[in-house]
Amino acid sequence: DHPIAGVGPGRMVVVEQADPARYVHTPVGGALNNAHNTVLLAGAELGIVGAIGAFLVNLALGLAALNVVVGRRRLEFGIVETAGAVAVLGYLAQGMVNNLFNVAAAGVVFAVMAGAYVIRLEAAPSAQSTVGDVQRQRAPTGPRLEETV
């Protein structure tokens with residue numbers, strides 16, 4: 001009904017409750033509390049630009065997480081990064097069948113997963129990238145130039 005601007009951020013439930021015959025009681029069943037996924041919610045509340053933006057964010061996160069889990073360089077990532085990537089993939093998959101932006105428990109789990117990265121960086125600030133660690137491990141181990149002169 002409002003494809004250009006949507007109904008406004010956080011207003012989807014208010015709009016659907018104002019006209020339940022149109023938005024809640026549908027021919028295929030009841031839509032009782034959400035737009036069913038994160039992309040549809042963004043479209044309902046922010047219009048087509050919001051839906052496209054949410055889709056692109058989901059796509060970018062999914063591709064980045066897949067690269068960590070199954071990409072060519074997957075062995076360069078540590079267990080925390082791999083676990084985080086799997087959590088992101090699970091979050092994105094669940095977000096396609098349920099709107100997780102409004103579910104407090106899912107937000108807490110996502111924050112805890114993101115917090116694992118903060119803990120890792122706090123414990124070892126010099127290890128901000130496991131890629132750098134792998135590159136250092138692969139560095140030549142022969143004598144340095146000054147030792148041979």
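Helices α3 and α4 are roughly antiparallel to each other, a label given to angles over 145 degrees, while under 35 counts as roughly parallel, 65 to 115 as roughly perpendicular and the rest as oblique. The model is predicted: local features need pLDDT of at least 70, side-chain atom pairs count only at pLDDT 80 or more, and totals for chains, interfaces and linings use all residues. Residues are numbered from 1 along each chain as its sequence is written, and side-chain values use heavy atoms, with hydrogens and water left out.

**Stop 1: the helix pair**

Select residues 38–70 for α3 and residues 79–95 for α4; their axes come within 9 Å and cross at roughly 150 degrees. Axes are lines fitted to C-alpha atoms, for helices over the stretch in contact, and angles run from 0 to 180 degrees between N-to-C directions. Helices (H or I, at least four residues) and strands (E, at least two) are DSSP runs, numbered from the N terminus.

Next, show the side chains where the two helices touch. On α3 these include Asn58, Leu61, Ala65 and Val69, and on α4 they include Glu81, Ala85, Leu89 and Leu92. Contact means heavy atoms within 4.5 Å. By class, this contact has 10 nonpolar, five polar and one charged residues. Ala, Val, Leu, Ile, Met, Phe, Trp, Tyr, Cys and Pro count as nonpolar, Asp, Glu, Lys and Arg as charged, and the others, Gly among them, as polar.

**Stop 2: Asn37**

Select Asn37, in the loop between β2 (29–30) and α3. Asn37 is buried, at 12% relative accessible area (buried is under 20%, exposed over 50%, partly exposed in between, with a 1.4 Å probe and protein chains only). A polar atom of its side chain lies 2.7 Å from the backbone nitrogen of Leu40.

**Stop 3: Glu45**

Move along to Glu45, which lies in helix α3. Glu45 counts as buried, with 12% relative accessibility. Leaving out residues up to four places away in sequence, Glu45 touches Ala5, Gly6, Val7, Gly8, Pro9, Gly10, Arg11 and Met12. Its side chain reaches the backbone nitrogen of Gly10 at 2.9 Å.

**Stop 4: Pro3**

Finish at Pro3, in the segment before α1 (12–18). Pro3 counts as exposed, at 53% relative accessibility. Apart from residues up to four places away in sequence, Pro3 touches Gly47 and Ile48.

Definitions and conventions
Polar contact = N/O pair within 3.5 Å; in protein donor to acceptor, adjacent residues only side chain to side chain.
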